[in-house]
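Here are a few exercises to work through with the model open beside you. Try each task first, then follow the solution step by step.

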Amino acid sequence: MASTDTKPDDLAGLEAGLDALDAVQERRTPVREVLLRKVLPPLLAVALVLVVWQLLVRARVTDDYKLPSPAAVWRSATDMWLQGTLLDVIWTSVSRGLLGFLLAVAIGTPLGLLVARVKPVRAAIGPILSGLQSLPSVAWVAPAVIWLGLNDRMMYAVILLGAVPSVANGLVSGVDQVPPLFLRAGRTLGATGLRGTRHIVLPAALPGYLAGLKQGWAFSWRSLMAAEIIASSPDLGLGLGQLLENGRNNADMPGIFLAIILILFVGIAIDLLIFSPLERRVLRGRGLLVKN
């Protein structure tokens, strides 16, 4: 008959193995590895796009005034830099977009909690939020101009109408995915009402909420660009949307391409500098970030 006794050394080894599984392995990634895995691939992708772009220009697939060369777009950017307007144009749009997004978060977060936790409110407002999220932001520009005039308040109104539903629906989705066991455990420990929302619901719903924030920023940026393109005015200053519209009015294709590239650049930069670190932190805190 086989013995069922467990040796002390075996128990110690088992405990050590379990401790190793529970421990979060953190190490500083070498600079060379960061460059090879995270910096080099996007640089190669950009280089490939530039090469294909230049080849299309050389092949004359269309008229020169329709497809400017990368060098022409670079000259347009250099001219704006020398004139001291490039950073001002970028900051005008970025400051509006970030402030509008923060306002959308301040409004959409309590609204999302209310919809997620109160069934009558959800039945009344939930379908409206879903409908507003699918409504193109450009549709709000015309009424916002009539209601508020050509000013920054109109810009922020368009941003809020485009971004608040995304933030609220993201939080609602995150709350819906909270395991019921967490809620029961919280109630058992006395975490009810606002305390339960703060300590149980919001932390558990954080991944879904973060996804809603990313989508909310995307809607904020798109809404702002639509408002700046349609409702351009000297009183509003020169933003990226106005830069794009000015290029169209002047048939300035290098300026149009420059505006498109800058709009894309800002969207990528905000994601890399703000949302990607937040996402990694949330995943790491839940043991879901696996390094290969």
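**Exercise 1.** How many helices and strands does the chain have?

*Solution.* Begin with the rule: helices (H or I, at least four residues) and strands (E, at least two) are DSSP runs, numbered from the N terminus. By this rule, the chain has twelve helices and zero strands. Read from the N terminus on, the elements therefore spell α-α-α-α-α-α-α-α-α-α-α-α.

Before going on, note that this is a predicted model, in which local features need pLDDT of at least 70 and side-chain atom pairs count only at pLDDT 80 or more, while totals for chains, interfaces and linings use all residues. Residues are numbered from 1 along each chain as its sequence is written, and side-chain values use heavy atoms, with hydrogens and water left out.

**Exercise 2.** Find what share of the chain's residues is buried.

*Solution.* First, the cut-offs: buried means under 20% relative accessible area, exposed over 50%, and partly exposed in between (1.4 Å probe, protein chains only). Of the 292 residues in the chain, 35% are buried.

**Exercise 3.** Is Ser166 buried or exposed? Which residues does Ser166 touch?

*Solution.* Locate Ser166 in helix α7. Its relative accessible area is 0%, so Ser166 is buried. Next, look for contacts, meaning heavy atoms within 4.5 Å. Leaving out residues up to four places away in sequence, Ser166 touches Gln133, Gly212, Gln215, Gly216 and Phe219.

**Exercise 4.** Describe how α6 and α7 meet.

*Solution.* Take the axes, which are lines fitted to C-alpha atoms, for helices over the stretch in contact, with angles from 0 to 180 degrees between N-to-C directions. The axes of α6 (residues 141-148) and α7 (residues 152-176) come within 9 Å and cross at roughly 140°. Now list the partners: Val141, Ala144, Val145 and Leu148 in α6 meet Arg153, Met154, Ala157 and Val158 in α7. Sorted by class, these are seven nonpolar, no polar and one charged. For the classes, Ala, Val, Leu, Ile, Met, Phe, Trp, Tyr, Cys and Pro count as nonpolar, Asp, Glu, Lys and Arg as charged, and the others, Gly among them, as polar.

**Exercise 5.** Why are α4 and α11 called oblique to each other?

*Solution.* The axes of α4 (residues 86-117) and α11 (residues 240-249) come within 7 Å and cross at roughly 130°. Angles under 35 degrees count as roughly parallel, over 145 as roughly antiparallel, 65 to 115 as roughly perpendicular and the rest as oblique. The two helices, α4 and α11, are therefore oblique. Val89, Ile90, Ser93 and Arg96 of α4 make the contact with Leu240, Gly241, Gln242 and Leu243 of α11.
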